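Let's take a walk through this model together. Have the sequence and the 3D view open as you read.

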Amino acid sequence: MSVVSIVKCGDYEQKRIDRAVKESLSLIGGLDRVVKAGQKVLLKVNMLNADPPEKAVTTHPALLRSVIRAVKEVKGEVIVGEAPGIAYKDIEKAWHVTGLKKAAKEEGAKVINFHKVERIDNSQNKQVPVLHLAGEVLGSDVVISLPKLKTHNFTLFTGAIKNLYGCIPGFHKKELHRLVPRPEDFARLMIDIFAVIKPDLAIMDGVVGMEGDGPAAGPPRKIGVVLASQDLVALDAVASHIIGYAPFDIDITRVAAERGLGEGKLEKIEIKGAPLSEAKIEGYQLASSINTLLNKVPGFVLFAFRHLAPWVLKIKPVIDKDRCTKCEECIGHCPTEAMKMGKDCPIIDNKRCIKCFCCQEFCLERAVGIKYNWLAKRFQI
Ligand code: SF4
Ligand code: SF4
């Protein structure tokens, strides 16, 4: 039976989070079951962009410190890595602003930006027959995913499995959004990636998560938990339930469970530590569920809506020109080249826009919002 540990932790005070991480690992059988002395252990943090820890966009550096300490205790060689979708020149800034590099260095871990690309045959997936994954990840003895618990306007929820999207080096990520615009197809792609990497463990930062417009533009929200599991599907199922989703509302969890890569049914998951009923929080602001709806609409109907009667169901990114600094980050990340700079801020060609919300994800000024018409609002629940 899959086991997920839930440990209550109210803040990021280092001693408290050290204890929480240790306990979460001990409840699932101890880290020495996963890491052997001398093994190369890759810690995949979630470092989306250059946001400070208090914005709850990225894995908190205190949690990273605790995990490095735990891995060193069992004599693993620690490497902390990431490949955020931001421009290469900005990655160093992100390591700095998030506090992740400082934490890693002070704890004696190596920090790397993934750049080696390995081509993996994925021909069972017609949309993406070849995966480009980080050689640094595939070459590690042990991979541990360290996600932040957040909502996500495209996938609804981002956790242990979605965190692996950052194992695609450079701008391949952007291309994939263009190739796979439907959320359910994107979930299948994520599970292809997950099946290749097969992380050994995930430890989730759910002390302060993000609600609403995740993964980057929502407000932080205290959840007060650290979760750990060797079954990433089970961990995501539990985490999404804590914030108010039914686990199979999340395409990534459902597809992973269908493919037999882990357990997604709560009744078949053994919870150790705090009971699920105590960890669950009420009134969490979920992400827009418009993408769930779009999954259920047949392709030809969607085509008709988008091209013949786009006013029927409208959800679109909008730019707040007063906040925009014209940095062009969003333009660089738009996978369909739907954006170009206007007089005061970028202009979006709604015919080309696939509603991936990468523009919102990468705007550090929080100048990209989402606009819904009345029908779209109705389905947002
Ligand atoms: S919307 Fe945001 S990312 Fe885009 S140009 Fe303006 S400030 Fe930069
Ligand atoms: S405009 Fe924004 S939401 Fe639309 S395709 Fe480009 S990045 Fe995605």
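How many nonpolar, polar and charged residues are there in the shell around ligand 1? Before we get to that, keep in mind that you're looking at a predicted model. The shell around ligand 1 has 8 nonpolar residues, 4 charged ones and 1 polar one. That makes 13 residues surrounding ligand 1, and the closest are C324, C327, E328, C330 and C363.

Now zoom out to the whole protein chain. Its secondary structure comes to 15 helices and 16 strands. Of its 381 residues, 60% count as buried. As for contacts in the chain with a separation of 6 or more, 74% of them are down to residues 24 or more positions apart.

Next, the interior. In soluble globular proteins, nonpolar side chains tend to be buried together. Here the largest nonpolar core has 60 residues, and I6 and I193 touch the most other members. If you skip the neighbours within four places in sequence, I193 is in contact with L131, L133, L164, Y165 and I168. Another core, of 47 residues, lies apart from that one, with L31, A70, V111 and L146 among them.

Finally, pick out a pair of helices: α8, residues 232-242, and α9, residues 251-258. Their axes come within 10 Å and cross at roughly 145°, and the crossing of α8 and α9 is left-handed. On the α8 side you'll find V233, D236 and A237, which meet T253, A256 and A257 in α9. By class, this contact has 4 nonpolar residues, 1 polar and 1 charged.

Note on methods
Residues are numbered from 1 along each chain as its sequence is written. Chains are lettered from A and ligands numbered from 1 in the order in which they are written. This is a predicted model: local features need pLDDT of at least 70, side-chain atom pairs count only at pLDDT 80 or more; totals for chains, interfaces and linings use all residues. Side-chain values use heavy atoms; hydrogens and water are left out. Axes are lines fitted to C-alpha atoms, for helices over the stretch in contact, and angles run from 0 to 180 degrees between N-to-C directions. Helices (H or I, at least four residues) and strands (E, at least two) are DSSP runs, numbered from the N terminus. A crossing is left-handed if the near helix is turned anticlockwise from the far one by less than a right angle, and right-handed if clockwise. Contact means heavy atoms within 4.5 Å. Ala, Val, Leu, Ile, Met, Phe, Trp, Tyr, Cys and Pro count as nonpolar, Asp, Glu, Lys and Arg as charged, and the others, Gly among them, as polar. A residue is near a molecule or strand if one of its heavy atoms lies within 4 Å of it. A nonpolar core is a set of buried Ala, Val, Leu, Ile, Met, Phe, Trp, Tyr and Cys residues joined through side-chain atoms within 4.5 Å. Buried means under 20% relative accessible area, exposed over 50%, partly exposed in between (1.4 Å probe, protein chains only).
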